[in-house]
Amino acid sequence: MADLVIRHGTIVDGTGAPAFTGDVAVTDGLITAVGEVDEGGDREIDAEGLTVTPGFVDIHTHFDGQATWDPVLAPSSVHGVTTLAMGNCGVGFAPARTDRHDWLIGLLEGVEDIPGTALAEGLTWDWETFPQYLDALDRRPHTVDLGVHVPHAALRTYVMGERGADHAERPTGAELARLALLVGEAVDAGAVGFATSRTEVHRTRDGARIPTLTAGADELLAVAEVLRQRGRGVIQLISDCYQTTDDELADAELGLMEQLVRASGRPLSFTVQQPFHAPERWRQLFGRVAELAAEGLPLKAQVAPRPIGVLLGLEGSANPFVACRSYAEVAALPLDERVPALRDPERRSRVLAEHAELLDRLPDGLFRQICGSFDLFFVLDDPVDYRLDPARSVGADAARLGLPAAGLTYDTLLRRGGRQLLYLPLFNFAHRSLDDVGEMLASPHALFGLSDAGAHCGAICDASFTTSSLVLWGRNRDPGPGPGSGRTFPIEWLVHGHTQRNARHLGWYDRGVVAPGHLADLNLIELGSLACHPPEIVHDLPAGGRRLIQRAEGYRSTIKAGVVTFVDGQPTGDAPGRLLRGPQPAPA
């Protein structure tokens, strides 16, 4: 008799093959039969009307701190994710000497907008080396499986000390050898790969550039050689190549990535997004990836399955009025005191006048987008519709009502006791449509990623990519004319992108497919009711730290290694997840 049998579900098996109706039997955490299962189960679940998928694999998260104190790892786990990778973008907390703890907290606070007070209270620091960090994770229960990259910034400062925090400094020969040795030790201990950052956007809490920004080719190639020797591990990289207007910089960064792939022989993925100021750069990057893939080189573009948006609000990290003097006067007040102060007509007039002056002198760029892109500010409905019809923006509403857009934005942020959030797509919406995102997703050289789950706690909440992509591109997408229309994808393709494709890229061949011998990581989804609620800010991190949470509807059950971990979006209290040490072989 099986431990668990799921009956009569519509099985989307993760390979991209057509869905079919059948049963799934599970014993000892593994799938033992798929199709018509005659044997009974100690527990049986009727999945008639439900879609049965593999558990989702999120390859780009930043739970490196949270995983040391939180077994649930929401919001990823409430969106069907059963396996995730951390240590992305070269930032993390190991290796770490005692005198670098505060610096590493400041790095993650600056780069990933994770409250430093929460990290300072929550991190136990019962490790120094990277292998010890893995051991610490291994001792803690989780609802999901975890894989961890070696973070370049932590490694560099561990080897080079204070010098390593300066991206212009170069390691000595001895330091380079030490760095390579530690990468080898980390991979031997179970690191999933090596991650680094080459973007000026990444700054520490104090505004300093990330120490890996201009790391030399010799430093990165030393790591590549270690991976080649070990024959395992991946490289994850973010570069400014996707957002630069400088062709030479884009070519140089692509050239460096090509060197790394050729030298290591290992898979490399890098961030590709579409910024407003360089809306066609992604095409060049995808073109080069396709050329190298034709040579058999394992280079992939990691993309987001919808626009990446910042959430603006009085409780968040950003709002359009934050730089106005009259707003700053009350910015430090508790929300329940700040809202009445902002509703005062005289203060409102002063803030709006200062805001108008600010917009007059602001150049084009990210800060201007946050302060004044009213035609791209959206109030998210419940459930959220990520098709983002420009005719429903705050700017469009203001025009219809004959109101100043800044004033309507101000008043909107005061709704719900000052807890109203506005969504501003910063990337992947340059042409006011989702067509370019659809082209990226359709590429065989793309990986579905970039959720940044666990990070950007006061500004971005994209851990819902799994849920929203199934709704946006599969169930709700209208192929006809009009707002939100365009390319659609079969549910089977979307599930494949979130499961088998991601798992195989990281060398995890034991999951991502509903087939005998594979890990029994499963989602039972009521596709018709699948939905994302609007993000909300909660204060449940250590020291009362804030973060954004986005809840989902439609996940009837999530199963991790045969154990039901979530029912109707609520954790059951079981935490069967484990640390993944290196590649996971395919079933015999």
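# A walk through the fold

Glu526 counts as partly exposed, at 30% relative accessibility. On this scale, buried means under 20% relative accessible area, exposed means over 50%, and partly exposed is whatever falls in between (1.4 Å probe, protein chains only). The model is predicted, so local features need pLDDT of at least 70 and side-chain atom pairs count only at pLDDT 80 or more, while totals for chains, interfaces and linings use all residues. Residues are numbered from 1 along each chain as its sequence is written, and side-chain values use heavy atoms, with hydrogens and water left out.

What does Glu526 meet in a salt bridge? Its partner is Arg556, with 2.9 Å from N to O. The two sit in distant parts of the chain, 30 residues apart: Arg556 in strand S21 (residues 555-560), and Glu526 in the loop between strand S16 (522-525) and strand S17 (531-532). Strands (E, at least two residues) and helices (H or I, at least four) are DSSP runs, numbered from the N terminus. Arg556 is partly exposed as well, with 25% relative accessibility.

Such pairs follow a general principle: side chains of opposite charge can pair when their charged atoms come close. The rule used here asks for a side-chain nitrogen of Lys or Arg within 4 Å of a carboxyl oxygen of Asp or Glu. By this rule the model has 43 salt bridges. One of them joins Glu219 to Arg156, where the closest N and O atoms are 3.0 Å apart.

Another salt bridge brings together the side chains of Arg547 and Asp540, at 2.8 Å from N to O. Here Arg547 is buried at 10% relative accessibility, whereas Asp540 is partly exposed at 44%. Salt bridges can also link up into a network, as they do for Asp145, Asp510, Arg511, Asp521 and Lys560.

Strand S9 (residues 193-198) is mostly covered, with six of its six residues buried. In a regular strand the side chains alternate between the two faces of the sheet. Both faces of S9 are covered: Gly193, Ala195 and Ser197 are buried on one side, and Phe194, Thr196 and Arg198 on the other.

Which strands pair with S9? Pairing requires that DSSP finds at least two bridges between two strands. Strand S8 (residues 145-151) runs parallel to S9 and is joined to it by three bridges. Strand S10 (residues 234-239) also pairs with S9 in the parallel sense, over six bridges. Ala195 of S9 stands opposite Pro151, and its bridge partner in S10 is Gln236. Together, S9, helix H6 (residues 217-230) and S10 make a right-handed β-α-β unit. Right-handed describes a path that runs clockwise from the first strand over the helix to the second, when the strands point away from the viewer.

Helix H7 (residues 247-264) packs against this region. The buried residues of H7, which include Leu254, Met257 and Val261, pack against S9, H6, S10, strand S11 (268-271), helix H8 (281-294) and strand S12 (299-303). Contact here means heavy atoms within 4.5 Å. H7 has 18 residues and reaches 26 Å from its first C-alpha to its last, close to the expected 26 Å. That expected span is 1.5 Å times one less than the number of residues. Just after H7, Gly265 takes a positive phi of about 70 degrees.

Cys89 lies in the loop between S7 and H1. Its phi is near 60 degrees, a positive value in a residue other than glycine, and Cys89 is buried at 3% relative accessible area. The loop between strand S7 (81-86) and helix H1 (101-112) also holds Pro95, which is joined to Ala94 by a cis peptide bond with omega about 0 degrees. A cis bond also leads from Asp382 to Pro383, with omega near 5 degrees. Pro383 is in the loop between helix H12 (366-372) and helix H13 (394-401).
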